[in-house]
Amino acid sequence: MEEVRSSTAWVARVATHVIVDYSGIEKVVGNIQGSIPKVEWDFEGIHYFDNGPLTVQYLFVLDALNFCFWPDKELSYDKLASGLNDALLNDKSAFDADRLQKYTGPQLREMLKWPRPLPLEDERVRLLHEVGLELERSFGGKASNLVDLCGKSAVKLVTLIARHFPGFQDHSVYKGHQIFLYKRAQIFAADLWGAFKGQGYGELYDIGAVTIFADYIVPAVLRQLGILKYSAALASTIEANNEIGPGTEEEIELRACSVYAVEKMRELISSKIGKQVLSVELDLWLWSRGIQQLSLQHHRTLSIYY
Ligand SMILES: Nc1nc2c(c(CN[C@H]3C=C[C@H](O)[C@@H]3O)cn2[C@@H]2O[C@H](COP(=O)(O)O)[C@@H](O)[C@H]2O)c(=O)[nH]1
């Protein structure tokens, strides 16, 4: 994703709230000796998988809703992934394009067995409708057809999703420049590749072009590792659990500097140790490290993108 790489690198160059510390990257790369701990996709054992098109539909619905769990302390990505998995096991047509267009907030809650309104519930419902409608209009109702149109290219897949589904258009304007992050579109490509183990629907020859997925966990882990440094004002906002507005310089710098830092880490692993690693692999390692820590303090932004 050249536009993600180049626009986030630009942010890292001019950022004032977040700094990428190269000595921190060198230290981490030295410590791991280029052998990033291998984390299996679905290490949690929570995702639906049947090796066919229904898995693709499941992953697309999952990534359409894969954002902003933190406002409800008990909610998490795991609850969403396993709730949607159970829903599909009970009813194989639950994610048919016509059904996706009709869900209401209470029905979505019931499907996930969640006892109270979900964070940003109206947006979640709107995005489900958007996915159902556009899948039906342009892709015969099936996310697998969308994947088939991309000639096994992750870059084409992310581009096609961003073109057709406004909810996946994760970009912002920062100091007058357009910055691309495409977190949920890229994670869908990575989820396909991970779930299908690079075969069938998961065969993506250019998976190496995908960057990390700029969410609220990875920046916090990079900070803990000494790779990101925050200004005193930003650090105290995060420590006080105060919200950071979507589209603010602080928010864009947190996300963009995370993408850039991991690209630098990947380059260093290649030049110093001679190993080629994927950003997707680095992401899963960093993310899984973050979610294991109950008290990890992360930035709080109400966003539909991550
Ligand atoms: N960078 C990155 N961010 C990721 C994921 C995933 C899940 N990926 C699946 C793919 C294979 C694995 O087996 C995983 O199950 C979710 N998130 C983000 O985390 C946040 C959720 O946090 P909490 O509220 O604590 O559950 C939220 O922003 C969510 O969008 C990832 O892989 N990378």
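**View 1. D21 and its contacts.** Leaving aside neighbours within four places in sequence, D21 is in contact (heavy atoms within 4.5 Å) with G226, I227 and K229. D21 is found in the loop between β1 (18-20) and α2 (22-32). Helices here are DSSP runs of H or I with at least four residues, strands are runs of E with at least two, and both are numbered from the N terminus. D21 counts as buried because its relative accessibility is 19%. Buried means under 20% relative accessible area, exposed means over 50%, and partly exposed lies in between, with a 1.4 Å probe and protein chains only. The side chain of D21 also makes a polar contact with the side chain of S23, at 2.6 Å. A polar contact is a pair of N or O atoms within 3.5 Å; within protein, one must be able to donate a hydrogen and the other to accept it, and residues adjacent in sequence count only if both atoms are side-chain atoms.

This is a predicted model: local features need pLDDT of at least 70, side-chain atom pairs count only at pLDDT 80 or more, and totals for chains, interfaces and linings use all residues. Residues are numbered from 1 along each chain as its sequence is written, and side-chain values use heavy atoms, with hydrogens and water left out.

**View 2. Polar atoms around the ligand.** A backbone N or O atom of D42 lies 2.8 Å from an oxygen atom of the ligand. A polar backbone atom of Y77 is 2.8 Å from an oxygen atom of the ligand. From the side chain of H47, an N or O atom is 3.5 Å from a ligand oxygen. Taken alone, the ligand exposes 670 Å², and the protein buries 94% of that. These areas come from the Shrake-Rupley method with a 1.4 Å probe; for residues, only the protein chains shown count as cover.

**View 3. The shell around the ligand.** The largest share, four residues, comes from α14. Of the 22 residues around the ligand, E44, N66, K183, Y216 and D283 come nearest. A residue is near a molecule or strand if one of its heavy atoms lies within 4 Å of it. By class, the shell has 13 nonpolar, three polar and six charged residues. Ala, Val, Leu, Ile, Met, Phe, Trp, Tyr, Cys and Pro count as nonpolar; Asp, Glu, Lys and Arg count as charged; the others, Gly among them, count as polar.

**View 4. I217 in its loop.** I217 sits in the loop between α10 and α11 (218-224). With 11% relative accessibility, I217 counts as buried. Not counting residues up to four places away in sequence, I217 touches W287, G290, I291 and L296. I217 and Y182 are 35 residues apart in sequence and 16 Å apart in space, C-alpha to C-alpha.

View 5. C68 is found in the loop between α3 (53-64) and α4 (77-90). Its phi is near 45°, a positive value in a residue other than glycine. C68 is buried because its relative accessibility is 0%. C257 is buried too, with a relative accessible area of 0%. A disulfide is a pair of cysteine sulfur atoms within 2.5 Å. By this rule, the count is zero.

**View 6. K113, an exposed residue.** K113 is found in the loop between α6 (105-111) and α7 (121-139). Although K113 is not a glycine, its phi is positive, about 55°. K113 counts as exposed because its relative accessibility is 59%.
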